[in-house]
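Have the viewer open while you read.

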Amino acid sequence: MPVNYSPPPKSTPKVIVAVTLAAAAGIPFLFLGLVLLLTPVLKPATIDGLLSNAGIDPSWRTPAYVAALFVLALLMMNYGAIFSGVITWWERRVAGRIQSRIGPNRAGFGGFFIFIADAVKMLLKEDLVPADADALLFRAAPYFVVTGFALTFVVLPFGHSLVVTDLNVGVFYVTSVTALVVVGILISGWASNSKWALFGGVRAAAQVISYEIPAGVSIFVPIAMAGTLSMQGIIRAQGGLPWEWFVFRNPAALIAFFVLFTSQLAEANRTPFDLPEAESELVAGYLSEYSGFRFALFFLVEWGNIWVLSAIVTTLFLGGWQIPFVSAEYIDGLRGAGVLPSLAWWGWNAVSMAVFTAKTIALCNLVIWLRWTLPRVRVDQMMGLCWKYLVPAAFACFVFTLFWELAVSVAPRIELVSGVGFTVIAVVLAVLFARRVHQNIQAVQGEKIDLSNW
Amino acid sequence: MEQLIGNNLASVAGFRPELVLTFGSIALLVLDLVLRRSRSRRALLAGAAVIVLGLAAVLLAAQSTASTPLFNGMIASDAFATFFKWIFLAAGFLTVLIVAQGDDYPSPRVGEFYGLLLAVVLGMFLMASATNLLTIYMSIELVSMVSYVLAGFRKSDRKAAEASLKYVIYGSVASGVMLFGMSYLYGLLGTFDVLAFAPKIAELSATTGAAGAATKLALVVAVVFVSSGVGYKIASVPWHMWCPDVYEGAPTPFTAFLSVGPKAAGFALALRFFLGSFAGPMGANGMAESIAGIPWPAVIGVLSAVTMTLGNLTAIAQTNLKRLLAYSSIAHAGYTLMGLATLSALGMQGVMIYMLIYLVMNLGAFLVVIVVAEATGSESIFDYSGLVHRHPLAAIAFGIFLFSLTGLPPFAGFTGKWYLFYAVIERASGPAGFWYGALAVVGALNTAVSLYYYARIIRAMFLEAPHVTDRVAPKLGYQLMLGAFSAAILVFGIWWAPIVEWSQRSMVMLRG
Amino acid sequence: MPRKIVIWVVLAALVVTFVGVLGARMAEGAVLPEIILGPLGLTDALFYLFAAMTFAGAATVALSKNILHSALGLLAALMGTGSLYVFLSADFLAVTQLLVYIGGVLVLILFAVMLTNRITEVKISNASLGLVGGGALLVATVPVLVFVAIATPWATIVPAELAPTTREIGNAFLTRWLLPFELASLVLLATLIGAVVIARKELKQDEPDTSVS
């Protein structure tokens, strides 16, 4: 039967544009707003205060805590899911631009609703289990992956006080719970009883185990600089201005930043390290045999991890939510003595959230650019990069940082010198990059830059 | 905290030989890479290993033997530890000499062997001086982990691979059981410090009723479990199963090392652990009593009897020399355990003397096995027929070693056995004397049994006609070593005063 | 099959009798530690949940016939143990347990299993082997251990408040426990070198090593 292909309408109806824009703006704002409102309130101390204010018997405290935990879990998992949905759309649009094609443009204005369409489509598909697969493990594997992904949101900060819980072993916790994703991938690869899936699983295991080492060691650098493992503590040890970020404050931290970013890309199986699901060799790697809902879960994690890795890097190296010229202690002081914080406190929290989100989304964008710019590396290159370059570099950075911290304790000024110096270099590079991009666009499109085909 | 750091810094002065071994081990691995293409790498690497051991020996000799706790009570530096450290250095040194001449470890790999061997020597140093449950466990693991690798060094050799795997599995189970026992000890006594055990045990056992009974039972369980780790190192029943396979499969020079080094380290650890924490101080008559009546000497005594009987009876049926020597070494662990069971100064001295003499005679026996295996390619007893016609020196030396292992005068083995048996008989007149008497009788019967299978080899070598008549011409170095070992055995069989005096001086152990 | 069941039942009965007899004999007039039964709090419920998870996981490791299921059981057991550390307010230890055992050991086990050809066709469980010998050992040891565990007045400390432990652990490693800490790193280094020695390519005798470029 011939496919009935109809060309896209010349101009989108105004209603659809309005609905799309409303959704595109509303969905993120809804979720970020909920995070802003709920994470500071649903804390044991605040709940206690609210309960006693309302005159409710203290025996309701435990049920209230449990309910608060469930609400937060629901919020965070949905945040992750919605974010990964939106970013699939964004990735496809960027890919379209980079490859000189249009990309999704049907469902809603600019194809924004494609992630909803995809989700609905996948939910309606049959949940297939291959005949010779290990049914139990095959079904269980996606849950491991999702659990490992969702657990990281427990400590990922969103703003000054906007975090589910600030564990004092936060960074360490993130590194360890992500291991569940690997277990899930390995199990899915094995349980599918398919050679493509098995190869994908084995590749994933080799890759993640290897890159965990440079990632783990390069994380020591900000830990050593901040003197704490807590995510919020590490952010508080930095500042709002670029030369107060860890990435520029120490030459080794700059290298560690790139080591960590690269290793996180590899751990999240993002191109150029997407060998476990190299479609030209392995069909779809470990998820070859999956369909429907379970397939959707894998992809949810795949794209959600972009947020996780960007947020981790932002937290550890790029100053997190620190607002320029406003110290974290100043915001602390605004809280007031009441059960609920003051309005100014909420305001600054919202600003800090905006700062953090902007940095994170900029990094997410970088991840997407990398995917559509770099070719996939070979297995031996991937292993060589890790063991021959990243691991020694990470160890060297760690050792250098220890000496650097000693030097800083003697002469605190070197931190500022390094910070300002690297910031200037980074700004110059950014300007050069922007000019180059501008020139390239001009070379193709002439003086007038046309964005109408967006 | 400053005090703790200060103690750590001050302890380095008493830790120099260990530091030399640590850095020497790493340096050898680096040197191995540097000398990768050198023509004379075998000689250079062996020389480097000897230099490291020699440096450690010089520093050990220069070190005071006064009893001091080091590193906040993690290890002890005392005359007792020093005595055993000399045994370990000698074992390491002789093994290096044997390996340097043989071809059991191929040239590209020999540097790694020396480096790892030094790590084992370091682990044994720490085993002899550990006074904390953590250091005890860590040092045992250091020795075990590296031994697994060195036993399975020749990957292409199926027997070596099997030996290594068996060693790993038995070793892991034994150390797991030991850790479980240690967790009991920590749970009961609330401390890792072995030297602080004795008063706490005495205090605990004062509780009466069921709690007291349960405490005592828990202590016995803990002791039995902890002794599994030690028993595994010294290859005593029922933790001996790895021994024959590993001895047979591992490269012979390492087997020789394994049979004397880690065994002595295990005994050093056992002496310090049991006498230091589960026994009261020695009285004027040189005898100590078990704290709170925990029947660990009985447990050790039974183990001793079973170990020597099983080792000797099984050795009778062996035709592979390495297996035979393996069972013989199990039996010797049994004899030596008698010294531990007596819980007296004489028993302790007996163990020390025996381990020193056993080092010479067992290394010598294995050296003969290496010499013959290099010439004939066989470790079977049938190829020892008429060895005296093919290589008189090896045959005569082997004869000396075997008689010494049996414990016949005038060989040095007699001295060692005499002290062990004397310690048991000294106990036979005291409380529970019947059992000590029985132990002595079992030991004597076992010596008779062992004479049977040692004599079988001697008969083959001296009385049977050789299957092949070509003469074996071993390397000069081997000949010198055989001669030196034999001479040492003969000398110390007649003139044992220096050994006895040295061990007498070295019986000072750090106590809490 | 029925014979197996009979043996198991007999063993269980023996264990129970031994525990009872031994306990009664040795605990005459004993004051067993009081088990305080109060309302089941959230913490208690979570504790029992994680304890059950640990136990079930461990049982799966031992009893499952499929090695991958055993590995998953190990995952549950290790995670349960890690969670139990949280109840002892050992946060750093709990996360380290997760990182080392799940992120490292378990993934490597799975990796090794997948690289091994036809490993799942081998029956790895020994549930039906050595039933008599194993049972005898069980009867001999379990009652003793149970009795010891219940009746011994263990040296206990009051559980600390949930406070950060990372700094204390770091200080302890570098002061009081310096030697065991360094010794542990030495053990690991030696093991690492040993593993490389075992794993790398076998060379021919006296041929210069050119495998490393």
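Angles under 35 degrees count as roughly parallel, over 145 as roughly antiparallel, 65 to 115 as roughly perpendicular and the rest as oblique. The angles themselves run from 0 to 180 degrees between N-to-C directions, and the axes are lines fitted to C-alpha atoms, for helices over the stretch in contact. Helices here are DSSP runs (H or I, at least four residues; strands would be E, at least two), numbered from the N terminus.

A word on the model: it is predicted, so local features need pLDDT of at least 70 and side-chain atom pairs count only at pLDDT 80 or more, while totals for chains, interfaces and linings use all residues. Residues are numbered from 1 along each chain as its sequence is written, with chains lettered from A and ligands numbered from 1 in the order in which they are written.

| Pair | Angle | Axis separation |
|---|---|---|
| α7(A) (179–191) and α4(C) (91–115) | about 15 degrees | 9 Å |
| α14(B) (345–376) and α17(B) (412–427) | about 160 degrees | 8 Å |

With that angle, α7(A) and α4(C) are therefore roughly parallel to each other. Their crossing is left-handed (the near helix is turned anticlockwise from the far one by less than a right angle; clockwise would be right-handed). On the α7(A) side, the contact includes Leu186(A) and Trp190(A), and on the α4(C) side Ile102(C) and Met114(C) are among the residues involved. Contact here means C-beta atoms, placed from the backbone, within 7 Å. The residues of this contact split into 13 nonpolar, 1 polar and no charged. For these classes, Ala, Val, Leu, Ile, Met, Phe, Trp, Tyr, Cys and Pro count as nonpolar, Asp, Glu, Lys and Arg as charged, and the others, Gly among them, as polar.

Stepping back to whole chains, 19 residues of chain C touch 25 residues of chain A. On chain C, α3 (67–87) and α4 each supply at least two residues of that side, and α4(C) gives the most, with 14 residues. That side of chain C has 16 nonpolar, 2 polar and 1 charged residues.

Inside chain B, α14(B) and α17(B) are therefore roughly antiparallel to each other, and their crossing is left-handed. Tyr354(B) and Tyr358(B) of α14(B) are among the contact residues, as are Tyr419(B) and Glu426(B) of α17(B). By class, this contact has 12 nonpolar, 6 polar and 1 charged residues.

Chain B also meets chain C, with 45 residues of chain B in contact with 38 of chain C.

How values were computed
Contact = placed C-beta atoms within 7 Å.
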